[in-house]
Amino acid sequence: MKRVVWVLIALIGPLAVAQSTTQLETQILSLLNDARARGVACRGGGGGVRLPPLRYNATLALAAKKHALNMGRYGFMSHYYQGVGPRVRVARAGYGYLRMSEIIFKGRSSDPARAVRWWLRSPVHCRAIMNPYYTEAGAGLSRVGYAWTVVLAQPR
C-alpha cells in the first residue's frame, strides 16, 4: 500500500506545482517590469534609463493571447496571421493606442525567463520593452508550440 501511495505522489506531485498559463503570463509581465526598473541598456542603443512598470491591460492580453494561440496551433512565428498584423489585431480587440509594439517568441518550453532573456538580447525587442512611451501591456502564452506574444502600448 505504501508503494502505491508513493507512486501516486510521484505522479501527482509535479502537477500540483505546475504553474497555470495565467500565472506564467503574469510572471512574464513581472520580468519585463524588472528589466524596466533596472534600466536595462539595449545593444545598439536605447534603454539604459529606469522606467515605471507596465500596467496590465486585459484588452492587450486578449489580443496577445489570440495571436500566441494561433502561432502555437499552426506552428509559425510571425507578427502576421492570415494577412493581419499586430496593429489591426489590437484595434480590432477594441484598444485605442498612440503607439504599440508586439514582441513574440517561440521556444522549447513555457519558461517566461527564457523568452525575456532572448528579447533583452535582441536590440529591436529590447528597445520595445524599454520604450518610455509604453505604459500598458498584455501577454499571451500557447503551451502548444510554446509561443509567447506580448503587446506593449501607449493608450490614446
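## Aromatic pairs

Trp 118 is partly exposed, at 38% relative accessible area. Buried means under 20% relative accessible area, exposed over 50%, and partly exposed in between (1.4 Å probe, protein chains only). This is a predicted model, numbered from 1 along each chain as its sequence is written; local features need pLDDT of at least 70, side-chain atom pairs count only at pLDDT 80 or more, and totals for chains, interfaces and linings use all residues. Side-chain values use heavy atoms, with hydrogens and water left out.

Rings of Phe, Tyr and Trp (its six-membered ring) pair if their centres lie within 6.5 Å; planes under 30 degrees apart count as stacked, over 60 as edge-to-face and the rest as tilted. The count comes to four aromatic pairs. Phe 76 and Tyr 81 are stacked, because their ring centres are 5.4 Å apart and their planes stand at 5 degrees. Phe 76 is buried, at 18% relative accessibility. Ring pairs also join Tyr 74, Phe 76 and Tyr 81 into a cluster.

Phe 105 and Trp 118 form a tilted pair, because their centres are 5.7 Å apart and their planes are at 55 degrees. Phe 105 lies in strand S2 (residues 97–106) and Trp 118 in helix H5 (residues 112–121), so the pair ties together parts 13 residues apart in sequence. Phe 105 is buried, with a relative accessible area of 6%. Helices (H or I, at least four residues) and strands (E, at least two) are DSSP runs, numbered from the N terminus.

## Helix H4

Helix H4 (residues 86–93) has Pro 86, Arg 89 and Val 90 as its buried residues. Seen down the axis of H4, they fall within an arc of 95 degrees, so they line one face of the helix. The arc is that of the directions from the helix axis to the C-beta atoms. These buried residues pack against helix H3 (58–74), S2 and strand S4 (147–155). Contact means heavy atoms within 4.5 Å. Gly 94 follows H4, with a positive phi near 100 degrees.

## The sheet

Four strands form an open sheet in the order S1-S3-S4-S2, with mixed pairing. Strand S1 (55–56) and S2 are the edge strands, each pairing on one side only. Two strands pair if DSSP finds at least two bridges between them. S1 and strand S3 (residues 136–142) pair in the parallel sense over two bridges. Tyr 56 stands opposite Ala 137 in S3.
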